[in-house]
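Good morning, and thank you for making time for this presentation. I would ask you to keep the sequence and the structure in view while I speak.

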Amino acid sequence: MATTRILEGLGRFYIVLLLGFLYLPIIIMAAMSFNASPFYQLPFEWTTDWYASLWQNDQLIAATWNSIEIAVITTLISTVLGSMASLALYRYEFRGKKFLQALLFPPIAIPWLITGTAMLIFFFGVGIGRGLIAILLGHVALALPYVIVVVSARLQTFAPELEEAARSLGANQWQVTMRVTLPWILPGVIAGGLFAFAVSFDQFVVSYFLSTPGQTTLPVEIYAAIRKGFTPEINAVSTIIIVVSMALMLLTARFFKFGGEK
Amino acid sequence: MRMPRLTAFLTATAVFVSAFTLAAQAAEEVHVLNWKGYGADEPWAVANFEKATGFKVVNDFFNSEQEMLTKIRTNPGLYDVVMINAAFNDQAMAGKLIQPIDVSKLSNYADIAKDKAGSPMLNHDGKVYGVPWVWGLTALAINEKSFDKPPTSIAEMWDPAHKGRVIIRDDAVEAVQFGALASGQNINDIKDMEAVKAKLTSLMPQIKTFWSSENDWNQMVASNQIDIGTYWSGSADRAKTHFKLPVSLVIPQEGSVAWLDAFSIPAGSKNVAGAEAFINYMIDPKFYVEWVTKVGAPVSANTKAVDALPEDAFNRKVMGSPDVAKRIQFQAPVTDEQREKYLALWQELKVNVK
Amino acid sequence: MADQLAIGSRRGLRPALPLLLPAYLWLTVAIFLPLSAMVFFSFMTDLPLAGKDWAFTLGNYAAFFSQSLYSTLLFASLRLGLEVTLWCVVIGYPAAYVLAKVLKGRSREAIFLLVILPFWSNGLVRIFSWAMVLREGGILDTALNAVLPFKINIDLMYSYPAVIIGLVHSYVPYMVLTCYLTLQAIDDSLIEAGRSLGASRRQVLWRVIIPLSMPGLIAGSALIFVPVVGSFMEPRILGGRTGTFYGTVIEDQFVAVFNWPLGAALSFILLAVVLIILALAAPVLRRAG
């Protein structure tokens, strides 16, 4: 028992180390949003000027809202469509299934630069053009493979006998899916959603090709800003986003269980 | 601040609506395509222009000349004004991407230096395809903390004392032309590529990293990580005057690469009158002086604009001196084949240091 | 009988279609059709724009084989992808295990979310922050010198390790997430049963836990390896003069010289190599599991 406790303690310590590694750049990012030098120059000089000028920067704020909107919608659409597809790939055997699964990798493997260029040409050719709708179309497509891969990984731990048992008890397909399968794969679906959000929210290349003046997203604005002088306003907006999402997430964790606790 | 329009998006009709709003562009808008943070998008300048003319300016940006060409190619009719490096004007004209400009509509055009206005790169068949705006140099800049007195030769970059503290731009054409200068050749007619390659190969171990934006350079100097490197004249001036960084420009005795930026009107522009008004405003001395004072800028092609600067201004005193004029070589158009050859060489050099 | 029929209907494409179609239609419109245009371009001598002459050619693909530059870089990128993936497994898997099996209740959910959160921050901002940490006179250098009795000089910036650190930081949450999903699904009683039958901790780990969590490991590895091989932003900024990789060369073809046909051909070669590696690796990994 003692060994178990020591091992568990080590495990907890390890998680703290990992969080330290993950948050090191985030903390620096936040710190630099309160530093006076626009070039991250040290020694540190306290200021809140960057937050004040961020408040005046309508373009950056509008782009931030666009990013949030697009990421939320992308998450919703791709999680639903992706989970459906993973269910089908899990449940049914058919010719060409391996091919469909392999098709998930081109969007991940081909550098986004090429995919973005290809989308630009194609959307332009068929009349969709550029703008927020085009960005949304692209983001969902980029997020879908991630959702499908993640949800499928969770589904592999699912015993098909459970579905059959429910069926034999008279449940129809819909009931089986909603009452038996979905609760089991819910952690996977949520994880897929988190992936989709991240893919969309941090997506720069594809958004860059598909955005128009006035219809841009935050990463596009950030990339354009570094040409001139990357002001810590960018750090300020990123800090606000991290702090707000952290608060939202912790609240969610407080009131809503999704870890698939048994 | 704008609130999210989640619900609007969720309706399928939004797809069509957006397609139409994209097509129906208001006629009184002037769509400008330029580098970000390069004069045309200064908020005060946009406000002044809008107040004076009643047109509304919509800025869009590119991050490389190739991207600029791609943007006009794939968005016919979207842009009214585009800023094109003179060396790319040829390519844009040959691709029928830009239209001739009626310079009689531009009251400030007459004040543009004759050598710039008459540049064969901007004039084709007696028609003007580009209005010279500003020019500048790709020269050297130094971190003042690392030098007691400024160096005078390009050879300083190869000095072992600066090992690991040299920076150059990650751009094949710029790197090869720099190698040409260092090996005493004409940048527009490089005869001895082997000499260029040898020069650059020996430069590689000196290099800390490659820069791609002004911000890179300024951050590196601010954290005292570099001594010397290639830099643009306007950017060096801005780093010194606007950001108060210890940066100064050096125009080496071997010479420097000069470039000329010009405004053109894309073919299919829906607001040619607005475009003309905007270009005329951009070459106006009043705008230029304000730009230099508030932000820092390259040298105006308009002689009256330069004369309006204080006598000791960098852009007037240094850049205008006959001694400098003798040392600079203006960049001529680079063909696609040359560009690919330069890139192949540049990539090979970068792979060899791995 | 009805049950038998239900199981029987799990064969065939028809019942799967309603579930599959929306996702694959979307992918077709937004990715496969555009990419087919790119495949088409990769066989052209020039872009069919502005009345330029073009013809069909295999030259763009031949270029890969005629110049050692490209294969050298492809190997460098594959090695980078492998190293980053391995580091992510080494760092991420234990974390996923602790999350799934040691931590309980609300703290688990909270920490799980904290692990995910960093990858919602902007990639470029993250890279700039790493530059502050890793450079000479940066935060790591200063902190270590403040603690250590002797003077050391740490300048990791613009080097291969910097690229690895930046990429591992960006991708390790992927591994934690996917492994957590499969580890959490393992019934604790299975582990206890193994232990009570006299298996050592190590045996339980290798014989029970790792095999059962294999789908997560495979999914995580694929999601990390594949994009890292084509990455160009992190290598360019963090790698400095040693930051040239296959992805940066493709980027140059698109951005610097406007040679889309060659850039497209290079990326389809990358895709083919990556798919072959995945196809070869998957059965081996599964058997190991």
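Let me begin with a definition: helices (H or I, at least four residues) and strands (E, at least two) are DSSP runs, numbered from the N terminus. The model is a predicted one, in which local features need pLDDT of at least 70 and side-chain atom pairs count only at pLDDT 80 or more, while totals for chains, interfaces and linings use all residues. Residues are numbered from 1 along each chain as its sequence is written, and chains are lettered from A and ligands numbered from 1 in the order in which they are written.

I turn to chain C. From the N terminus on, its elements run α-α-α-α-α-α-α-α-α-α-α-α-α. In counts, chain C has 13 helices and zero strands. Along the principal axes, the C-alpha atoms of chain C fill a box of roughly 80 × 75 × 30 Å.

Two further terms are needed here. A residue is buried if 20 or more other C-beta atoms lie within 10 Å of its own, exposed if 12 or fewer, and partly exposed in between, with C-beta atoms placed from the backbone. Two residues are in contact if their C-beta atoms, placed in that way, lie within 7 Å. In chain C, buried residues make up 47% of the 289 residues. Of the contacts in chain C with a separation of 6 or more, 69% are accounted for by residues 24 or more positions apart.

Within chain C, one helix pair deserves attention. The axes of helix H4 (residues 68-102) and helix H10 (residues 201-229) of chain C come within 8 Å and cross at roughly 145 degrees. Such axes are lines fitted to C-alpha atoms, for helices over the stretch in contact, and angles run from 0 to 180 degrees between N-to-C directions. Which residues meet in this pair? On the H4(C) side they include C:Ser77, C:Gly81, C:Val84 and C:Tyr93, and on the H10(C) side they include C:Leu217, C:Ser221 and C:Phe225. By class, this contact of H4(C) with H10(C) has eleven nonpolar, four polar and no charged residues. For these classes, Ala, Val, Leu, Ile, Met, Phe, Trp, Tyr, Cys and Pro count as nonpolar, Asp, Glu, Lys and Arg as charged, and the others, Gly among them, as polar.

C:Tyr158 lies in the loop between helix H7 (139-147) and helix H8 (160-184) of chain C. Its phi is near 60 degrees, a positive value in a residue other than glycine. Is C:Tyr158 buried or exposed? With 24 C-beta neighbours inside 10 Å, C:Tyr158 counts as buried.

Chain A comes next. There are twelve helices and zero strands in chain A. Its C-alpha atoms fill a box of roughly 70 × 65 × 30 Å, taken along the principal axes. Buried residues make up 53% of the 262 residues in chain A.

How many residues of chain A are in contact with chain C? There are 82 residues of chain A in contact with 81 residues of chain C. Helix H1 (residues 2-32) of chain A gives the most to the side that touches chain C, with 15 residues. That side of chain A divides into 58 nonpolar, 14 polar and ten charged residues.

Finally, chain B. Chain B is divided into domain 1 (26-135 + 260-318) and domain 2 (136-258 + 331-352), with bounds that come from an automatic or database domain assignment. The C-alpha centres of these two domains of chain B lie 27 Å apart. Twelve residues of domain 1 of chain B are in contact with twelve residues of domain 2 of chain B. On the side of domain 1 that touches domain 2, H5(B) gives the most, with three residues. By class, that side of domain 1 has nine nonpolar, two polar and one charged residues.

In helix H4 (residues 65-74) of chain B, the buried residues are B:Met68, B:Leu69, B:Thr70, B:Lys71 and B:Ile72. These buried residues pack against strand S1 (29-34), strand S3 (81-85), H5 and strand S12 (256-266) of chain B.
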